[in-house]
Amino acid sequence: MKSPPVWFSGVGWAIDTTFWTDRDLYFPEYLARAAKMAYKQARIDDPRKQIDFAEPYDPFDYKELHHMEGLQLCKKGEAPVLTREGVTQRDGDLPTCPSGGLLGVGNPIAATMGIKVGELYWQLSGQAGKRQIPHEIHTGVTNAWGDLMQFSAVAVMRA
Amino acid sequence: MTTEKWPGVELGAKEFYEKVTSVRFRPEAKFAWSAGEAMSRFLAELKEGRLIARTCTTCKRILFPPRMFCEECFRPTKEWVYVKDTGTIETYSISYLDLDAKRITDPIYVGVVSVDGASPKMGIMHFFGEVNPGTIKIGMRVKAVWEPPEKRVGSVRDIRYWRPLREGEG
């Protein structure tokens, strides 16, 4: 094998009620639960420290922020601050969407997590080219989101 | 509502028929759809100017909109109960696009209103009115503005919109 292997170390999923007008739309609880499941499998108990970079599903601007918080990568309300301060840039402490996000690669509904998992693989195996995160990385996380704003799947990958 | 100040060229029906390649086709798309037990009653009650919910005896919630099963407990719901036509704005959007995605200067207000009498956060998506971008707020208390009885058809649009609660109401 030319490039070092990259492993799926945890996956998780959760679905909330279809009655979306009956629940909190600010915090994606279903994603937090899916992440908890994936982190448990990946033996991650402090995602803020143990996750090196992330590819949250970002079909709309706010969803990247929404999902960063759901993935427990920051506290509630902290995602916009980290983004503004440059922490989520490629050379920041928590590179987020180093792929450039879905505005750059497109958003094939229901298949998009494929490109996100691909980006984790390329980044972790050092094959991301111009998009490569400049510092050492070992663990990445991504998520999908869908149905009636009620479902998320999470994958943690390690090199 | 639309003005000349927006960039681009607006196409009307004339342009679509004469200048843009178009195909006319009238599909025979007839269908029937059953709203189901809970939603049928909900719609029938709207026609009477009332909002109705269902209770769950296991989690003790009052579920609105009504449903025949509780999605938290996986149990059938128990009883019908009327809820009020007043509520609270949980979230909203101010849209400067109309239903045909045309730019408008007088915006449309949509969002989720949770209704009084149901369990917390139980609500529906609807329009807000008699507000402006400066006055509409999350947490604002509102009341349904109903269509007159003869105009109601058994639809969520039998409520025209939700307006701010006035002093002395609710």
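The model is predicted, and every value below is computed from it. Chain A holds 6 helices and 4 strands, while in chain B an open sheet of 3 strands runs in the order β2-β1-β5 with antiparallel pairing. Where the two chains meet, 8 residues of chain B are in contact with 7 residues of chain A.

**Chain A: overall build**

- Read along the sequence, the elements of chain A follow the pattern β-α-α-β-α-α-α-α-β-β, which is made up of 6 helices and 4 strands.
- Taken along the principal axes, the box filled by the C-alpha atoms of chain A is roughly 50 × 30 × 30 Å.
- Of the 159 residues in chain A, 40% are buried; among the contacts in this chain between residues at least 6 apart in sequence, 67% join residues that are at least 24 apart.

**Nonpolar cores**

- The largest nonpolar core has 30 residues, and those with the most contacts inside it are A38(A) and V156(A).
- At least two residues of this core are supplied by each of α1 (29-41), β2 (53-55), α3 (61-70), α4, α6 (113-124), β3 and β4 of chain A, with the largest share, 6 residues, coming from α1(A).
- Leaving aside residues up to four places away in sequence, A38(A) touches G10(A), V11(A) and G12(A) as well as V154(A), A155(A) and V156(A).

**The open sheet of chain B**

- In the order β2-β1-β5 of this antiparallel sheet, the edge strands are β2 (62-63) and β5 (80-83) of chain B, each of which pairs on one side only.
- Strand β1 of chain B, residues 51-55, pairs with β5(B) in the antiparallel sense over 4 bridges, and the antiparallel pairing of β1(B) with β2(B) runs over 2 bridges.
- R54(B) has a bridge partner in each of these strands, namely W80(B) in β5(B) and L63(B) in β2(B); I52(B), for its part, stands opposite Y82(B) in β5(B).
- β1(B) is mostly covered, since 4 of its 5 residues are buried.
- β1(B) and β2(B) form a hairpin with 6 residues between them, and in its turn K60(B) has a positive phi of about 65°.

**Backbone exceptions**

- Most residues other than glycine have a negative phi, and most peptide bonds are trans, which is the background for the cases that follow.
- The peptide bond from F64(B) to P65(B) is cis, with omega near -5°, and P65(B) is placed in the loop between β2 and β3 (69-70) of chain B.
- C97(A), a residue other than glycine, has a positive phi near 55° and lies in the loop between α4 (79-84) and α5 (102-105) of chain A.
- C97(A) counts as buried because 25 C-beta neighbours lie inside 10 Å, where the cut-off for a buried residue is 20 or more.
- D147(A) also has a positive phi near 55° without being a glycine, and its place is in the loop between β3 (139-146) and β4 (151-158) of chain A.
- D147(A) has 13 C-beta neighbours inside 10 Å and therefore counts as partly exposed, given that a residue is exposed with 12 or fewer and buried with 20 or more.

**Contact between the chains**

- The contact brings together 8 residues of chain B and 7 residues of chain A.
- On the side of chain B that touches chain A, strand β8 (residues 123-128) of chain B gives the most, with 3 residues.
- The residues on that side of chain B divide into 4 nonpolar, 2 polar and 2 charged.

Key:
Residues are numbered from 1 along each chain as its sequence is written. Chains are lettered from A and ligands numbered from 1 in the order in which they are written. This is a predicted model: local features need pLDDT of at least 70, side-chain atom pairs count only at pLDDT 80 or more; totals for chains, interfaces and linings use all residues. Two strands pair if DSSP finds at least two bridges between them. Ala, Val, Leu, Ile, Met, Phe, Trp, Tyr, Cys and Pro count as nonpolar, Asp, Glu, Lys and Arg as charged, and the others, Gly among them, as polar. A nonpolar core is a set of buried Ala, Val, Leu, Ile, Met, Phe, Trp, Tyr and Cys residues joined through C-beta atoms within 7 Å.
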